[in-house]
Amino acid sequence: MSTEDPRELVGTAPAAEEKALEAALRPKSLQDFVGQSTVRGQLSLVLESSRLRGAAADHVLLSGPPGLGKTTLAMIIAGEMNAALRITSGPAIQHAGDLAAILSSLTDGEVLFIDEIHRMSRPAEEMLYMAMEDFRVDIIVGKGAGATSIPLELPPFTLVGATTRAGLLPGPLRDRFGFTGHLEYYSADELERVLRRSAGMLDMQVDDAGFAEIATRSRGTPRIANRLLRRVRDWALVHGVPLVDREAAGQALDTYEVDRRGLDRLDRAVLHALCTTFRGGPVGLSTLAILVGEETETVETVAEPYLVREGLLARTPRGRIATEGAWRHLGLKPPESADSGREAVSSGDPRWDLGDS
């Protein structure tokens, strides 16, 4: 067991060791990358073909929910191609000149990674079309009738775009990517493999049941799994627990308000508001957000996707409603039927009595 002072865990600045560990948790090769077998196999063929041809790899678009490994795959692509990696994000490129400055400084074969690429400005997107296809951009000098266009040749490079909302990408941009991969949520078994690798790097002792407990609360997302693993490590260190088993992992995650289905404080607040204050709904998003004390965008993009995926919340034309599974997860008595529940809500039926089960 480490002799590190537990008080160091609450320091305001992360220690150098913590930063090194955080970087070390990312796999460095496709072989070490866990899960996403279909995307991994297809991407391996694309990169191997590029190496055999001695050319830069085709442009790659990675889509999927946050935390599944898009940034890690971009780093792996650069590593597999033995190329430098340049990282930026869509919101940081708000003018065509911003993109031109980045593109003009690229070297031969370099990998440019643009996270949240769907949030780029339209002028920058249009400049990117020619850069991806012809490795050339036109720089406009001057304004009005005296403006001139100066062509600027670019070295061959590989663009890796990542997006959580592929539907917002314009068709001309999406079609210019040579390979498109969609990342899916991880299974519990895959997350256990991720956790085992990470636990070894964190010098943690965790048994099989402990890994399973953390994996089931990780919402199918490796980023969340690694974050919870580090919080369990903190708990075990402070409480002097040398081996993390199911009970220890459960106690640690209960401390951080992560329940057995992976729901956190916000998730449960949304369900509790639906089932108690609004008697199951339907209720509008803005009203629901006000009651839980969050912005509507936070409720819609952070809480709702997982609740819908778990079958605990449903979106209807009239608003959000709690499913039967939500009532049972909260330990409340569900309504007899969805139809009678909606009728009771609209009429204010006093027989809608939801006591503890």
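A residue is called buried when its relative accessible area is under 20%, exposed when that figure is over 50%, and partly exposed in between. Keep those cut-offs handy for this tour of a predicted model.

**Stop 1: A56**

Select A56, in the loop between α2 (37-53) and β1 (60-63). Is this residue buried or exposed, or does it fall in between? Its relative accessible area is 23%, so A56 is partly exposed. Now show what surrounds it: leaving out residues up to four places away in sequence, A56 touches S50, G109, P156, F157 and T158. Pick P156 from that group and draw a C-alpha to C-alpha distance to A56. The two are 100 residues apart in sequence, yet the distance in space is 6.4 Å.

**Stop 2: the whole chain**

Zoom out and colour by secondary structure. You will find 15 helices and nine strands in the protein chain. Of its 357 residues, 43% count as buried. As for contacts with a separation of 6 or more, 69% of them are between residues 24 or more positions apart.

**Stop 3: helix α4**

Select residues 96-104, which form α4, and show the side chains. Which residues of this helix are buried? They are L99, A100, I102 and L103. Turn the view so that you look down the axis of α4: these buried residues fall within an arc of 165 degrees, so they line one face of the helix.

**Stop 4: S198**

Move on to helix α7 (residues 188-201) and select S198 within it. With a relative accessibility of 1%, S198 counts as buried. Beyond its neighbours within four places in sequence, S198 is in contact with L25, N226 and L229.

**Stop 5: the largest pocket**

Finish at the largest pocket, which holds about 990 Å³ of space. To centre your view, select P65, P66, T301, V302 and P305, the closest to the pocket's centre among its 30 lining residues. Then highlight α9 (222-239) and α13 (296-309), each of which supplies at least two residues of the lining. Which element gives the largest share? That is α13, with seven residues.

Key:
Residues are numbered from 1 along each chain as its sequence is written. This is a predicted model: local features need pLDDT of at least 70, side-chain atom pairs count only at pLDDT 80 or more; totals for chains, interfaces and linings use all residues. Side-chain values use heavy atoms; hydrogens and water are left out. Buried means under 20% relative accessible area, exposed over 50%, partly exposed in between (1.4 Å probe, protein chains only). Helices (H or I, at least four residues) and strands (E, at least two) are DSSP runs, numbered from the N terminus. The arc is that of the directions from the helix axis to the C-beta atoms. Contact means heavy atoms within 4.5 Å. On a 1 Å grid over the protein atoms alone, a cavity is a set of points where a 1.4 Å probe fits but cannot get out, and a pocket is an open set with protein on both sides within 12 Å along at least five of seven lines; lining residues have an atom within 4 Å of a point. Grid points are joined across faces, edges and corners, and a volume is the space filled by probe spheres set on the points.
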